[in-house]
Amino acid sequence: IASGTGTLIGIAAGVCVATLLVVLGVLYWTSHSVTAPLQGMMDVARAITSSADIGVAGSDIRAKTAAIPESSDEIGVFAGHFKRMVNGLDSKEVSRTRAAAPVPNKL
């Protein structure tokens, strides 16, 4: 009976360890899927606010914006809207910069 009890305790301990590892993996994956888009949006917002002109840091901002992951959950959908907003601001800034550029006089 003692060896049977030891075997059962060993099996139960193995199942507990395996369950703990699965739970930790799921928690890591879940937290990463939430924090990765938020971290990306924070990086883009920081790059925009640290530059006096969005056009100055344009390529850096475009690269950071493209790297923000999207998904079908609320955070991922928000990240998609954020990316479209930043890209729209970038397009408007490029248009504004071109419109403000001096026109060469060809007279």
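From the N terminus, the elements run α-α-α. The chain has three helices and zero strands; helices (H or I, at least four residues) and strands (E, at least two) are DSSP runs, numbered from the N terminus. This is a predicted model, in which local features need pLDDT of at least 70, side-chain atom pairs count only at pLDDT 80 or more, and totals for chains, interfaces and linings use all residues. Residues are numbered from 1 along each chain as its sequence is written, and side-chain values use heavy atoms, leaving out hydrogens and water.

| Property of the chain | Value |
|---|---|
| Buried share of the 107 residues | 19% |
| Accessible surface | about 7,800 Å² |
| Carbon and sulfur share of that surface | 70% |

Buried means under 20% relative accessible area. Areas come from the Shrake-Rupley method with a 1.4 Å probe; for residues, only the protein chains shown count as cover. Of the contacts (heavy atoms within 4.5 Å) with a separation of 6 or more, 50% are between residues 24 or more positions apart.

Lys83 lies in helix 3 (residues 74-100). Lys83 is buried, at 12% relative accessible area. Beyond neighbours within four places in sequence, Lys83 is in contact with Thr65, Ala66, Ile68 and Glu70. The side chains of Lys83 and Glu70 are joined by a polar contact of 3.2 Å. A polar contact is a pair of N or O atoms within 3.5 Å; within protein, one must be able to donate a hydrogen and the other to accept it, and residues adjacent in sequence count only if both atoms are side-chain atoms.

Leu20 sits in helix 1 (residues 2-50).

Note on methods: Buried means under 20% relative accessible area, exposed over 50%, partly exposed in between (1.4 Å probe, protein chains only).
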